Amino acid sequence: MAAQNNAAPTIIKRKKVVKGGGHHGGAWKVAYADFVTAMMAFFMLMWLLNATTEKQRKGLADYFSPTIAIARVSGGGDGAFGGDSVFSEETLPQNGTGATSDRPTDQSQARGARGLDADGQEISQDKEFASVQAALTGYGGESQVLENALRQIVTRVTDQGLVIEVFETDEAPLFLAKTAQPTQLLRDISGIIVKASQIVTNPIAIEAHVAAEPVVVVRNTVWELSVSRAGEMRVLMEQAGLHAPRIHRVTGHADSAPAIRDPMRSRNNRIEVVLLRPDPTR
């Protein structure tokens, strides 16, 4: 009996196992992810409200309205679901639609049909611009030369009007280097633009941009060069048959608005022909 009383007692230790990975389990991770997503959507909404015009916001509202059977804001196509046009914003060398990262201005924001205004003018004007874009595309089928030339033309519809941008590449310059003397390519393109612009009667603005010069040059001539090139484009278009009174302004922008990040690249050498929207105040 004494031996049995001296035996060590048996101790049973029970260990509590907590499942779920922490005090509240893993549910907090899901809640946090939802919170971050909601904040991202909120800030994106704030950015869109700041980066778009009133008419563009109305177009976005119309797009998501359940009472509209088809998309009112078109990406460029003429089908029920919109789509991309080969001439819209940056299907060619620019990037994105609407306000781009390289040109985040109100004037660069692409527009589609937003519906009718009080006088029914806006959608009519955009249809006319679409006809001009289609005409530009059609002229490319006349010859291989014109087909290649059209690769250096992009169009975008903005609040200012229809912008027809003609840009230069290393292989196909618009002017002789550092001069305002046009190449045959630009002469051909100016004729195409004049033909297409005859579809409408809008006033026209001609704007020239040039690539930046190195900072070490003794005399920077980008302003004089851009003004001379804009004036030469005006002469070419008038020689191609454009009615001179339609030209509303001729402007040189020098290197103040580069099209791409590197301001010295030849892509920044470009001419913009703008079919201006009618001024409602006149």
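## Exercises on a predicted model

Val-36 lies in helix α2 (residues 27-51); helices (H or I, at least four residues) and strands (E, at least two) are DSSP runs, numbered from the N terminus. The model is predicted: local features need pLDDT of at least 70, side-chain atom pairs count only at pLDDT 80 or more, and totals for chains, interfaces and linings use all residues. Residues are numbered from 1 along each chain as its sequence is written, and side-chain values use heavy atoms, with hydrogens and water left out.

**Exercise 1. Classify Val-36 as buried, partly exposed or exposed, and find its surface patch.**

Step 1. Set the classes: buried is under 20% relative accessible area, exposed is over 50%, partly exposed is in between (1.4 Å probe, protein chains only).

Step 2. Val-36 has a relative accessible area of 38%, so Val-36 is partly exposed.

Step 3. Apply the patch rule: residues with over 30% relative accessible area and no salt bridge, like charges joined within 9 Å, nonpolar side chains (Val, Leu, Ile, Met, Phe, Trp, Tyr) within 5 Å. Areas come from the Shrake-Rupley method with a 1.4 Å probe; for residues, only the protein chains shown count as cover.

Step 4. Val-36 belongs to a nonpolar patch of about 1,000 Å². Its members include Trp-28, Phe-42 and Phe-43.

**Exercise 2. Determine the geometry of the aromatic pair.**

Step 1. Rings of Phe, Tyr and Trp (its six-membered ring) pair if their centres lie within 6.5 Å; planes under 30 degrees apart are stacked, over 60 edge-to-face, the rest tilted.

Step 2. Phe-42 and Phe-43 are 5.5 Å apart, centre to centre, with 70 degrees between the planes: edge-to-face.

Step 3. Phe-42 is partly exposed at 41%, and Phe-43 is exposed at 53%.

**Exercise 3. Trace the salt-bridge network that contains Arg-156.**

Step 1. Use the cut-off: a side-chain nitrogen of Lys or Arg within 4 Å of a carboxyl oxygen of Asp or Glu. The count is eight salt bridges.

Step 2. Arg-156 meets Glu-272 at 3.2 Å, N to O. The pair joins strand β3 (residues 153-157) to strand β7 (residues 270-276), 116 residues apart.

Step 3. Arg-270 also bridges to Glu-272, with closest N and O atoms 3.7 Å apart. Both Arg-270 and Glu-272 are buried.

Step 4. Salt bridges that share partners join Arg-156, Glu-165, Arg-267, Arg-270 and Glu-272 into one network.
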